[in-house]
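Subject: Structure handover

Hello,

Here is the structure I said I would pass on. My notes on it follow below.

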Amino acid sequence: MLARRINHFGHQGVNPFIKSMWIFYALFMVFCSGILLVLCVLIVLNNDHSLSGSLFLILPIMLFFPIPIILELYCFQAIKYLNQGEQYELPESLRTLTLKIQALGWISLGIPFLLFAPVIIFAPVLFVASLSPIISLILVSLLFFAIVIVTSILNISYINKRGNESELLWLLAVCVEKNIPLATELDTYSYTLSGKYRDKIQQLSSLLHSGYSLTEALSSIPGLVSQSVIVAARIGEKRNSLGIALRDAAFQTTKKLKRLSDRANATNLILYLTTVVTIQCLIAGFIMYWIIPKFKMIFLDFGIELPQMTLTLIDVSDFIIYYFYLFLPLFSIPLVTLAVLYFGNYYGWYNLRIPFITGWFPRLNTPHCLRQIAQSISVQDSPQIALESVSKFHLWADVRQQAHSVNTQINQGEIAWEALRQNKVITNAEAALCTTGEKMGNLPYILRTLADTIELRRARKVRFFVDLSKPILISLLGLLVGFFVIALFMPLIQLLNDLS
């Protein structure tokens with residue numbers, strides 16, 4: 001609520017009384033959360049049971065309550081900035097702070113759902129399990145099958161969306177280069193489409209008919225093209241190089257579309273991990289709930305001295321079955337991760353206002369930045385033109401601040417590549433390569449090649465991680481299966497030997 005009010009009404013959106021109440025509320029929440037965390041630590045230290053068990057029981061609280069503490073500290077920091085000036089426009093620091101407050105607020109609201117949703121979903125299954133194990137197994141299998149189908153549909157929608165974006169960019173590039181009226185051509189193009197995408201194209205055409213520029217029209221329709229494309233198009237409109245910007249964006253989008261079918265990407269890895277681990281957990285849960293108790297009764301009836309491995313399996317199984325509600329939230333973590341990945345892929349990560357992450361990884365936007373600088377230099381303009389557009393129109397606050405800092409240093413007399421290096425946009429080797437390309441007169445080619453090289457290097461790292469993770473996962477699951485087999489069959493072999 002506080003972040004929305006600040007964004008909508010600026011500095012004067014919170015009157016002094018409400019401001020005082022927000023300060024009191026923020027301090028009260030920080031105090032209560034801190035007291036609860038201290039009490040949890042005292043409970044663990046003074047508990048008569050095992051230390052590991054106590055830590056496991058309070059682990060959800062220890063993971064959750066630092067989030068509201070950080071959230072309220074951000075709120076307290078934002079409140080101090082309010083009513084400091086008469087202007088409506090918010091400074092960049094306050095805009096970034098309100099974005100972080102909104103993100104942490106949604107995380108705080110989402111974590112309880114993450115914890116209790118599996119309980120609500122699996123409660124009917126657990127009830128049926130007490131009556132018929134076969135029916136419960138069928139229900140769980142159908143639920144998992146439905147999740148796989150939904151994931152496949154999302155993947156198809158994601159690929160179709162990227163394909164539509166690539167097709168639209170090529171159409172815009174050809175029209176601009178051939179001086180074909182964009183609005184008229186988009187009207188004709190919309191007749192070949194259907195559904196919501198047709199409505200968006202017709203809306204884009206209507207805005208162009210109304211006198212909007214191409215970048216203004218694209219910005220008014222979220223999700224139609226990537227935000228990096230809009231920034232590049234703004235640079236092109238300023239320096240009469242819109243055709244170059246659109247063709248370069250269309251080429252890059254088509255190249256990314258070709259890589260979507262590659263199995264070695266992070267999304268497919270998460271889907272693979274979710275599928276395999278879920279199936280393994282279902283099998284292990286079936287064995288723990290129905291098989292191990294019966295084995296335990298058989299072994300106790302025959303009075304067999306059980307091996308330590310079997311006793312460990314029985315103890316772990318009893319603990320998990322007894323405290324099953326603590327383990328149910330773990331099932332939602334891979335599913336939520338998969339949902340977030342597909343959501344980001346569908347809408348485009350560059351179209352989302354993402355806080356925190358861009359500050360931790362300052363080179364996320366480096367390929368786009370280099371291509372935009374190359375676009376400016378190719379039409380005999382300075383890098384400041386591209387950096388100025390990035391600092392104004394990029395959706396990521398950290399990237400805007402980074403571009404503004406680089407632009408300020410260049411205007412103060414610093415060499416462009418040295419300013420980019422100091423702000424961690426490029427490395428020392430990349431800065432030296434840019435300097436050499438500038439001396440040789442082929443800087444735009446060097447910058448675009450360097451951007452492609454950075455993206456290929458990232459793709460190789462992802463491929464290496466995927467190829468390494470799969471055999472490790474299979475090996476760990478194999479060890480788990482081996483542990484179950486050995487722990488269950490050693491007493492059986494001993495029983496057969498005694499009977500014979």
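Val 481 is partly exposed, at 39% relative accessible area (partly exposed lies between buried, under 20%, and exposed, over 50%, with a 1.4 Å probe and protein chains only). This is a predicted model, in which local features need pLDDT of at least 70 and side-chain atom pairs count only at pLDDT 80 or more, while totals for chains, interfaces and linings use all residues. Residues are numbered from 1 along each chain as its sequence is written, and side-chain values use heavy atoms, without hydrogens and water.

Val 481 sits in helix 21 (helices are DSSP runs of H or I, at least four residues, numbered from the N terminus).

The largest nonpolar core contains 33 residues (buried Ala, Val, Leu, Ile, Met, Phe, Trp, Tyr and Cys joined through side-chain atoms within 4.5 Å). Ile 373, Trp 417 and Leu 447 have the most contacts inside this core. At least two of its residues come from each of several helices, including helix 16 (366-378) and helix 21 (443-499). Apart from this core lies another, of 29 residues, with Leu 182 and Ile 230 among them.

Two loop residues have a positive phi. Asn 179, with phi near 60°, lies in the loop between helix 6 (133-177) and helix 7 (182-190). Asn 179 is exposed, at 70% relative accessible area. Lys 424, with phi of about 65°, is in the loop between helix 19 and helix 20. Lys 424 is also exposed, at 57%. Most residues other than glycine have a negative phi.

Regards
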